Each structure stands twice: as structure tokens, then as C-alpha cells.
Amino acid sequence: MDLRDAAQELYAVTPRDFTAERTALVRKAKDAGQKDLAKEIGNLPKPAAGAWAINMLAVHKPEVIDGVVRFGVSLRTAQEEGDAEVFRELGQQRQGQLTSAVHAAKDLASELGAPLSAAAASDVEQTLRAAMADAGAAAAVGTGRLVRGLSGSGFETVDLTGAIAATGPDDEAGPVSAKAPAKRAAKTEPASPSKDKPSKEKPSKEKEPKDEATSLADRRAAKQQAALEEARRDFEAADKDAKEAEAAASEAWDTVKELAGRRTDLKSEIEDINKRLATLEAELIGITRDAESAESDKKRAVRAATQQRRAADQAQRRVERLS
């Protein structure tokens, strides 16, 4: 066992089991005579709730992480290539991708017995957003050893300092390829003059077509850059609206879960009340029978008392006559 293996095992458990699992791994390393490793394992920090949820997706639902990463690659490629139309289209789809992934994380966390708070769910979304924007962050969310949430806007490199436990060279994403931009630059760069031809400068009239072509290329590049900037502004505005809609959706999601819980509780209470009602109804039937029987007894007793009173009255009248 090395630190990477221990961390991979440790960060796959639920938050309530983290400390006990870390203690067990430390003891295992000590028993194996690996004192340094035991100390390193003991220093592994407990992940934040949002980071833990991301780790659970990486372990139990890697297809969700893969979908986020692939979408991010497409988004960054469109940005790098200056494809404003594709960038705008993907920007409109991004919130839907994030919402789906966050709901998958919330459902999985609930299944594992550690439901996410609203703050933790927001941290999950922010981390996945950073993974879409930055290749390094994309690699980090797939390790399953995330310690804290990530943050990135897409216009700067995401800070991964202290974000991954037991980091190594294979946890770092390679540099973004610049081959495509280089090829485009090569197409617009003026060709070098041939060594065979004399170095004598040609008349200015012969330079005009090349100058015009260069000017046209510059105008096209400027137009493309302007379109990209406009797409970015549209994206940022749409992203802001999407975040607000996401917050409302998350609140609605929590309300639905709360109401579902209350409905379950009420159903349970109704079942208890129905059982109690059935018991009371059975008791009522018994009391009704007893009441009817008592009523009959009462009538007989009244008749007997009446008869006895008549006999007593007759006896009294006889005594009075004889007196």
C-alpha cells in the first residue's frame, strides 16, 4: 500500500466513516512497518461536503464526470478557435449540463445516506463549472481524491493548490494544445522570399495585392474577434440568468423533497390514526352491545320495581283499613 492507494480508499467512504477509516489505514501502515506512510495518511484532511460528492460521482457514476469533462473540452475548443456561433450555442447548453450533474450528485449523496445541503450543492456546481472551464480542474474532479471545491470563470487557470489529496504527476493536466492556432497563423503569414530570386525590391505596384490580402485578413480577424467578444458578453449575461434560474430550481427541488417528506410523515400518521380508529370502532361495537343489554336489564328492573311498589301500596292500604 502506498499513499495514493490509501487516499483512494479513504476518500471513497462516507463523511461519517472518514475518521474511523483513516485511523484503520494508519494502523494498517504501522503494522506493516511503514511509519512514514502512517504519518502521511494521518495528515490526509477530511473533504468538504461538495468535494466528497464530486468524489462519489467519480467512484459510482464516472459517466457524469466524463460528460462534464467532454462538454468542457468542446466549450474550450470553440473559444480557442474563435468559433463564436458554436461557443454561444454551447454556452446556452452549459447550465443544463451542470443542473443535470448536480442533481445526480444530490441523488447519489442521498442514496449513500449523506444528503447535501444547499451550500454543498452550490459548491458541487461551482466545481463542475470550473472543470468545464479548465483542463487541470477537469483532471482533478476525476481523481476521486478531491479535498475542497474548485472555482474558475473560464478566463484564468483554476487554482488547484491543496485541492487533491496524495497528488502526483499524473494528476496534472498537460498544457492546452496550440497546434490549431499555429496552423491558422501559418496560413495568414506572408511567405518568405525565395533564396533563388534576386533581393532587389519589386515595384510598389506588385506589393499592392499582398498588402490588400493582409489587410483583408486583418479585417476578418478583427471581425472574428469582435464576434467572439460579443459571444462572451452574451454568454456571461446568459450565465448570470442561468445561475439565478438554477438557484430557483434548486430551491424548488429542496421544496419538493421537503414536501415529499412531510407527505410521507402524514401518511404514516394517517395509518396510525386509522388503526386507532379501527380499535375504537371495535370498542364502540362492544360498548353498544353492553349498553343494549343494560337497557334491557333496566327495563326489567323498572317493571319489577313497579310491581313491588304496587304490592307495597296494597299492603299499606290493608293496614290502614284494619287499623
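Contact here means heavy atoms within 4.5 Å. The exercises below use a predicted model, where local features need pLDDT of at least 70, side-chain atom pairs count only at pLDDT 80 or more, and totals for chains, interfaces and linings use all residues. Residues are numbered from 1 along each chain as its sequence is written, and side-chain values use heavy atoms, with hydrogens and water left out.

**Exercise 1.** Work out which residues of helix α3 are buried and what covers them.

*Solution.* Helices are DSSP runs (H or I, at least four residues), numbered from the N terminus. Buried means under 20% relative accessible area, exposed over 50%, and partly exposed in between (1.4 Å probe, protein chains only).

Step 1: α3 spans residues 35–42, and its buried residues are L37, A38 and I41. Looking down the axis of α3, these fall within an arc of 105° (taken from the directions from the helix axis to the C-beta atoms), so they line one face of the helix.

Step 2: turn to the face pointing away from that buried side, and you'll find the exposed K35, D36 and K39.

Step 3: the cover over the buried residues of α3 includes α1 (3–10) and α2 (15–31).

**Exercise 2.** Describe the largest nonpolar core, then follow V124 to its neighbours.

*Solution.* A nonpolar core is a set of buried Ala, Val, Leu, Ile, Met, Phe, Trp, Tyr and Cys residues joined through side-chain atoms within 4.5 Å.

Step 1: the largest one has 38 residues, and V124, L128 and L150 have the most contacts inside it. Helices α4 (49–60), α5 (62–80), α6 (84–111), α7 (118–133) and α8 (135–141) each supply at least two of its residues, with α6 giving the most, nine.

Step 2: skip neighbours within four places in sequence, and V124 is in contact with G50, A53, I54, V102, A105 and L116.

Step 3: pick A105, which sits in α6. A105 counts as buried because its relative accessibility is 2%.

**Exercise 3.** Find out how α5 and α6 pack.

*Solution.* Step 1: the two helices pack at an angle of about 165°, with their axes 10 Å apart. Axes are lines fitted to C-alpha atoms, for helices over the stretch in contact, and angles run from 0 to 180 degrees between N-to-C directions.

Step 1: angles over 145 degrees count as roughly antiparallel, so α5 and α6 are roughly antiparallel to each other.

Step 2: among the residues making the contact are F71 and L75 of α5 and F87 and L90 of α6.

Definitions and conventions: Angles under 35 degrees count as roughly parallel, over 145 as roughly antiparallel, 65 to 115 as roughly perpendicular and the rest as oblique.
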